[in-house]
Amino acid sequence: MGYIIYSIDKKQNYFPVPVILVLIGIVLSFIPYFSDITISKETIFMIFLPALLFTSAYQFPLKPLRTNKWVIGSLGTGGLLLTMALLGLSIYFVGNLFISLSLVGAFLVASILTPTDPVSVVNILKKSSSDQRIADIVEGESLINDGTSIVLFTVFLEMYLNSSKFSIGGFISEFLFVSIGGVALGAAFGWLMSKLVHFTHHKEYQIMLSIIVAYGSFYIGEGIGVSGVLSTVTAGLMLSFEFGKNIKEAHFRSSLNGFWGIIEPSLLAVLFLMIGIQSANYLLFNGWLLAVLIFIASLVVRYIVLLTTFKGVPKWRKQFSVNDATLITWTGIKGTMSVALLMGLESATDNGSSMIISLTFAAIMLSLIIQSIGVYPLTQKLSK
């Protein structure tokens, strides 16, 4: 199924691959053979995420990363924190009009909905817009905010499970430890591989070494209590940086691109089909109005944060227009990471949180489907 959809995508200028795969997955859920297929946080984290994160980081071009590093860094850290805070408050006040929801619970939902997934939109953006900068910022932001969001989620999940109050001091200390530790570990892994790769000229073993870096940095990071996501992302970026300094490394990059270029779409095809199958278990509930309001709130809050950030910095005020803020807002689609965190919430809680899980899953599906479909026409309209 993935092969067919990706083959069609190669022949079309605009084809939202993840949306089509998720919708196919929903249809498959009604077939008895597929009805027992489930996807857990462990499945996504331990099998899919390390490879997908490493590939995205390793293949992300360094030039746009250097050019947009302050924008990407600001949106992926401070911007995400502000988005999570405002979205959490919005969910708390709106949600309590429909259901009983604690402030920590609202922040927990917000932490799930803040990471963005560029898989659905980056290729469409690059094909439909002459301004490649927007696509670079969207893709770069997602690399950083994945790690930031999982740290936020972990902190709020612990508070939610223990029914404890929000502590700014405890939150900051935990956030800094997990984030800095993950970055340091990933930098060490990436640098070490750039040196070890010279011990063999066989491309098969060099590729094996890249698998060790992708999964090893993630597993060790999670094992010692720091961010495995940030570790893997940093390892990929560090490796790309080290290889980029020496033109003799071109054949290494070619071999790795060939391998990971096959792995990435294969994993994504299976993952989005499984997400579609899994979503059928949650989308039949009576809270769709609230889910729609949460989805709208996520867009409004992201737009406010982006516009405030761009207009608040004199240099960026000249570089980014209102149309740019609108397009970056719309391309902040919820995807793989949000589903993984949601599955983590499900496994850690009892049936008492079923409404929260259904609401969040519905908001993710609305984002994935509506925003992905709207990227191309919005880009065309704003480009005129």
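This is a predicted model: local features need pLDDT of at least 70, side-chain atom pairs count only at pLDDT 80 or more; totals for chains, interfaces and linings use all residues.
**Notebook: helix packing and a few buried residues**

I started with a helix pair: K41, I44, F45 and L49 in α4 meet T336, M337, V339, A340, L341, M343 and G344 in α18. I sorted that contact by class and got eight nonpolar residues, two polar and one charged.

Helix α4 covers residues 41-59 and helix α18 covers residues 336-348; their axes come within 7 Å and cross at roughly 140°. Angles over 145 degrees would count as roughly antiparallel, so I put α4 and α18 down as oblique to each other.

I have helix α7 at residues 78-95 and helix α8 at residues 103-113, packed at an angle of about 130° with the axes 8 Å apart. This pair is therefore oblique too, and I noted its crossing as right-handed. From α7, the contact uses M84, A85, L87, G88, L89, I91 and Y92; from α8, it uses L103, A106, F107, V109, A110, S111 and L113. By class I wrote down twelve nonpolar residues, two polar and no charged ones.

Which residues does I91 contact once its neighbours within four places in sequence are left aside? I found N96, L101, A106, V109, A110, L113 and I294. I91 also shows up in the largest nonpolar core, which has 115 residues: together with F310 and L345, I91 touches the most other members. I checked which element gives that core its largest share, and it is helix α10 (residues 132-162), with 13 residues.

Then L62, which sits in helix α5 (residues 62-67). Buried or exposed? L62 has a relative accessible area of 15%, and the cut-off for buried is under 20%, so I logged L62 as buried. Leaving out neighbours within four places in sequence, I see L62 in contact with L237, S240 and F241. I took S240 for a distance check: L62 and S240 are 178 residues apart in sequence, but their C-alpha atoms are 7.7 Å apart in space.

Last entry: F243, in helix α13 (residues 228-244). Its relative accessibility is 3%, so F243 goes down as buried. I ran a distance check here as well, this time to L359: F243 and L359 are 116 residues apart in sequence and 44 Å apart in space, C-alpha to C-alpha.

Methods: Residues are numbered from 1 along each chain as its sequence is written. Side-chain values use heavy atoms; hydrogens and water are left out. Axes are lines fitted to C-alpha atoms, for helices over the stretch in contact, and angles run from 0 to 180 degrees between N-to-C directions. Helices (H or I, at least four residues) and strands (E, at least two) are DSSP runs, numbered from the N terminus. Angles under 35 degrees count as roughly parallel, over 145 as roughly antiparallel, 65 to 115 as roughly perpendicular and the rest as oblique. A crossing is left-handed if the near helix is turned anticlockwise from the far one by less than a right angle, and right-handed if clockwise. Contact means heavy atoms within 4.5 Å. Ala, Val, Leu, Ile, Met, Phe, Trp, Tyr, Cys and Pro count as nonpolar, Asp, Glu, Lys and Arg as charged, and the others, Gly among them, as polar. A nonpolar core is a set of buried Ala, Val, Leu, Ile, Met, Phe, Trp, Tyr and Cys residues joined through side-chain atoms within 4.5 Å. Buried means under 20% relative accessible area, exposed over 50%, partly exposed in between (1.4 Å probe, protein chains only).
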